[in-house]
Amino acid sequence: MKRIAAATLALTLAACQTPPPAEADRVLVELVFGTSIPGGGTVGEAEWRRYLDEVLARQTPGFTALDCQGGWMDDGKVHREGCKLVLVLAERPDLPAIAEAVAEYRRRFSQESVLWMQRPARRRAAGSSELRVFLDQFRQQVPSQIHALVKDANDLDSVDIAQSVEQDV
(Lines give C-alpha, C1' and ligand atoms only; values in the text may rest on other atoms or scores of the structure.)
Protein backbone atom coordinates (compact mmCIF):
# COMPACT_ATOMS: atom_id res chain seq x y z
CA MET A 1 0.00 0.00 0.00
CA LYS A 2 2.86 2.37 0.84
CA ARG A 3 4.48 1.74 -2.54
CA ILE A 4 1.24 2.39 -4.42
CA ALA A 5 0.66 5.61 -2.50
CA ALA A 6 4.27 6.74 -3.05
CA ALA A 7 4.08 5.92 -6.77
CA THR A 8 0.78 7.79 -7.06
CA LEU A 9 2.26 10.82 -5.33
CA ALA A 10 5.39 10.76 -7.51
CA LEU A 11 3.35 10.52 -10.73
CA THR A 12 0.98 13.24 -9.62
CA LEU A 13 3.83 15.61 -8.74
CA ALA A 14 5.58 14.85 -12.03
CA ALA A 15 2.39 15.70 -13.91
CA CYS A 16 2.24 19.06 -12.10
CA GLN A 17 5.70 19.93 -13.41
CA THR A 18 4.79 19.51 -17.07
CA PRO A 19 3.43 22.77 -18.52
CA PRO A 20 0.23 22.50 -20.51
CA PRO A 21 0.77 22.62 -24.29
CA ALA A 22 -0.61 26.17 -24.53
CA GLU A 23 2.08 27.48 -22.18
CA ALA A 24 4.86 25.93 -24.26
CA ASP A 25 4.22 28.68 -26.83
CA ARG A 26 4.41 31.55 -24.34
CA VAL A 27 7.40 33.87 -24.50
CA LEU A 28 8.67 36.73 -22.39
CA VAL A 29 9.63 39.60 -24.69
CA GLU A 30 11.89 42.31 -23.26
CA LEU A 31 12.10 45.51 -25.29
CA VAL A 32 14.46 48.41 -24.61
CA PHE A 33 13.40 51.67 -26.27
CA GLY A 34 15.99 54.44 -26.36
CA THR A 35 14.60 57.92 -25.71
CA SER A 36 17.30 60.05 -27.38
CA ILE A 37 16.21 61.33 -30.77
CA PRO A 38 18.92 61.57 -33.45
CA GLY A 39 19.65 65.21 -34.18
CA GLY A 40 18.74 66.27 -30.64
CA GLY A 41 15.97 66.02 -28.12
CA THR A 42 14.35 63.14 -26.33
CA VAL A 43 11.05 61.30 -26.35
CA GLY A 44 9.05 63.12 -23.69
CA GLU A 45 6.72 61.52 -21.16
CA ALA A 46 3.60 62.74 -22.97
CA GLU A 47 4.88 61.33 -26.28
CA TRP A 48 5.79 58.03 -24.58
CA ARG A 49 2.34 57.72 -22.96
CA ARG A 50 0.69 58.49 -26.30
CA TYR A 51 2.78 55.74 -27.97
CA LEU A 52 1.81 53.30 -25.18
CA ASP A 53 -1.90 54.14 -25.52
CA GLU A 54 -2.11 54.37 -29.30
CA VAL A 55 0.25 51.58 -30.30
CA LEU A 56 1.72 49.24 -27.69
CA ALA A 57 -1.48 48.66 -25.68
CA ARG A 58 -3.31 47.76 -28.90
CA GLN A 59 -0.56 45.47 -30.26
CA THR A 60 0.21 43.43 -27.12
CA PRO A 61 -1.82 41.32 -24.70
CA GLY A 62 -0.51 43.60 -21.93
CA PHE A 63 2.82 44.99 -20.79
CA THR A 64 4.89 46.44 -17.98
CA ALA A 65 6.97 49.56 -18.71
CA LEU A 66 9.88 50.76 -16.58
CA ASP A 67 12.30 53.69 -16.81
CA CYS A 68 15.94 52.67 -17.15
CA GLN A 69 19.39 53.87 -18.24
CA GLY A 70 21.44 52.52 -21.11
CA GLY A 71 25.13 52.90 -21.73
CA TRP A 72 27.76 51.87 -24.24
CA MET A 73 31.33 52.63 -25.31
CA ASP A 74 32.13 54.26 -28.65
CA ASP A 75 35.65 55.39 -29.62
CA GLY A 76 36.73 55.08 -25.99
CA LYS A 77 33.96 57.37 -24.80
CA VAL A 78 31.07 56.33 -22.51
CA HIS A 79 27.64 57.26 -23.85
CA ARG A 80 24.47 57.16 -21.77
CA GLU A 81 20.86 57.31 -22.78
CA GLY A 82 17.55 57.25 -20.96
CA CYS A 83 15.40 54.35 -22.06
CA LYS A 84 12.22 52.43 -21.39
CA LEU A 85 12.20 48.71 -20.60
CA VAL A 86 8.97 47.00 -21.64
CA LEU A 87 8.12 43.43 -20.61
CA VAL A 88 5.46 41.53 -22.53
CA LEU A 89 4.25 38.00 -21.76
CA ALA A 90 2.87 36.84 -25.08
CA GLU A 91 1.91 33.87 -27.20
CA ARG A 92 4.12 33.20 -30.22
CA PRO A 93 1.33 34.26 -32.64
CA ASP A 94 1.40 37.73 -30.96
CA LEU A 95 5.04 38.35 -32.00
CA PRO A 96 4.30 39.91 -35.44
CA ALA A 97 2.01 42.49 -33.78
CA ILE A 98 4.73 43.31 -31.26
CA ALA A 99 7.20 43.69 -34.14
CA GLU A 100 4.77 46.15 -35.78
CA ALA A 101 4.64 48.16 -32.54
CA VAL A 102 8.45 48.27 -32.43
CA ALA A 103 8.58 49.39 -36.10
CA GLU A 104 6.11 52.17 -35.33
CA TYR A 105 8.29 53.42 -32.43
CA ARG A 106 11.35 53.44 -34.70
CA ARG A 107 9.43 55.36 -37.37
CA ARG A 108 7.73 57.78 -35.00
CA PHE A 109 10.90 58.73 -33.10
CA SER A 110 13.58 58.21 -35.81
CA GLN A 111 15.24 55.38 -33.90
CA GLU A 112 17.92 53.21 -35.48
CA SER A 113 16.91 50.20 -33.41
CA VAL A 114 15.01 48.84 -30.42
CA LEU A 115 16.64 46.08 -28.40
CA TRP A 116 14.47 42.93 -28.53
CA MET A 117 15.18 39.97 -26.26
CA GLN A 118 12.90 37.00 -25.87
CA ARG A 119 12.94 33.69 -24.08
CA PRO A 120 10.47 30.91 -23.41
CA ALA A 121 8.17 31.74 -20.52
CA ARG A 122 8.12 28.86 -18.06
CA ARG A 123 5.57 28.94 -15.33
CA ARG A 124 6.36 27.24 -12.07
CA ALA A 125 4.41 24.04 -11.64
CA ALA A 126 2.25 25.76 -9.05
CA GLY A 127 2.54 28.41 -6.39
CA SER A 128 3.02 27.34 -2.80
CA SER A 129 -0.66 27.97 -2.01
CA GLU A 130 -1.72 25.80 -4.98
CA LEU A 131 0.58 23.02 -3.76
CA ARG A 132 -0.87 23.24 -0.26
CA VAL A 133 -4.41 22.90 -1.63
CA PHE A 134 -3.31 19.94 -3.75
CA LEU A 135 -1.64 18.25 -0.77
CA ASP A 136 -4.65 18.85 1.46
CA GLN A 137 -6.93 17.22 -1.11
CA PHE A 138 -4.43 14.39 -1.61
CA ARG A 139 -4.21 13.71 2.13
CA GLN A 140 -7.97 13.29 2.35
CA GLN A 141 -7.87 10.56 -0.28
CA VAL A 142 -4.95 8.40 0.92
CA PRO A 143 -4.03 6.70 4.20
CA SER A 144 -2.06 8.65 6.80
CA GLN A 145 1.09 6.59 6.08
CA ILE A 146 1.67 8.68 2.96
CA HIS A 147 2.39 11.71 5.17
CA ALA A 148 5.45 10.00 6.63
CA LEU A 149 6.65 8.98 3.16
CA VAL A 150 6.41 12.51 1.84
CA LYS A 151 8.00 14.01 4.96
CA ASP A 152 11.02 11.71 4.69
CA ALA A 153 11.48 12.06 0.94
CA ASN A 154 14.82 13.66 0.14
CA ASP A 155 14.37 13.93 -3.61
CA LEU A 156 11.41 16.31 -3.80
CA ASP A 157 12.22 19.33 -5.92
CA SER A 158 10.05 21.85 -4.13
CA VAL A 159 10.87 23.17 -0.68
CA ASP A 160 7.27 24.42 -0.51
CA ILE A 161 5.98 20.83 -0.67
CA ALA A 162 8.30 19.64 2.09
CA GLN A 163 7.49 22.64 4.30
CA SER A 164 3.78 22.20 3.74
CA VAL A 165 3.91 18.54 4.66
CA GLU A 166 6.10 19.15 7.73
CA GLN A 167 3.72 21.84 8.99
CA ASP A 168 0.69 19.58 8.68
CA VAL A 169 2.20 16.31 10.01
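I began with helix H3 (residues 45–59), which lies across S1, S2 and S3 and runs at about 25° to S3. Helices (H or I, at least four residues) and strands (E, at least two) are taken as DSSP runs, numbered from the N terminus. Angles run from 0 to 180 degrees between N-to-C directions, with axes as lines fitted to C-alpha atoms, for helices over the stretch in contact. I then looked up helix H4 (residues 95–108), which lies across S1, S3 and S4 at about 0° to S1.

I note that this is a predicted model, in which local features need pLDDT of at least 70 and side-chain atom pairs count only at pLDDT 80 or more, while totals for chains, interfaces and linings use all residues. Residues are numbered from 1 along each chain as its sequence is written, and side-chain values use heavy atoms, without hydrogens and water.

**The sheet**

I found an open sheet of four strands in the order S2-S3-S1-S4, paired antiparallel. Its edge strands, S2 (64–74) and S4 (115–120), each pair on one side only. The twist from one strand to the next averages 25°. Two strands count as paired if DSSP finds at least two bridges between them. I looked up S1 and strand S3 (residues 77–91): nine bridges join this antiparallel pair. Leu-31 has Val-86 as its bridge partner in S3.

**Glu-30**

I located Glu-30 in strand S1 (residues 26–34). Glu-30 has a relative accessible area of 14% and is therefore buried (under 20%; exposed is over 50%, partly exposed in between, with a 1.4 Å probe and protein chains only). Its side chain makes a polar contact of 2.8 Å with that of Arg-119. Such a contact is a pair of N or O atoms within 3.5 Å; within protein, one must be able to donate a hydrogen and the other to accept it, and residues adjacent in sequence count only if both atoms are side-chain atoms. Beyond neighbours within four places in sequence, the contacts of Glu-30 include Leu-85, Val-86, Trp-116 and Arg-119 (heavy atoms within 4.5 Å).

**Aromatic rings**

I recorded seven aromatic pairs in the structure. Phe-33 and Tyr-105 form an edge-to-face pair, 4.6 Å centre to centre with 70° between the planes. This pair links Phe-33 in strand S1 to Tyr-105 in helix H4, 72 residues apart. Rings of Phe, Tyr and Trp (its six-membered ring) pair if their centres lie within 6.5 Å; planes under 30 degrees apart count as stacked, over 60 as edge-to-face and the rest as tilted. Phe-33 is buried at 0% relative accessibility, and Tyr-105 is also buried at 0%. I noted one aromatic cluster formed by Phe-33, Trp-48, Tyr-51, Tyr-105 and Phe-109.
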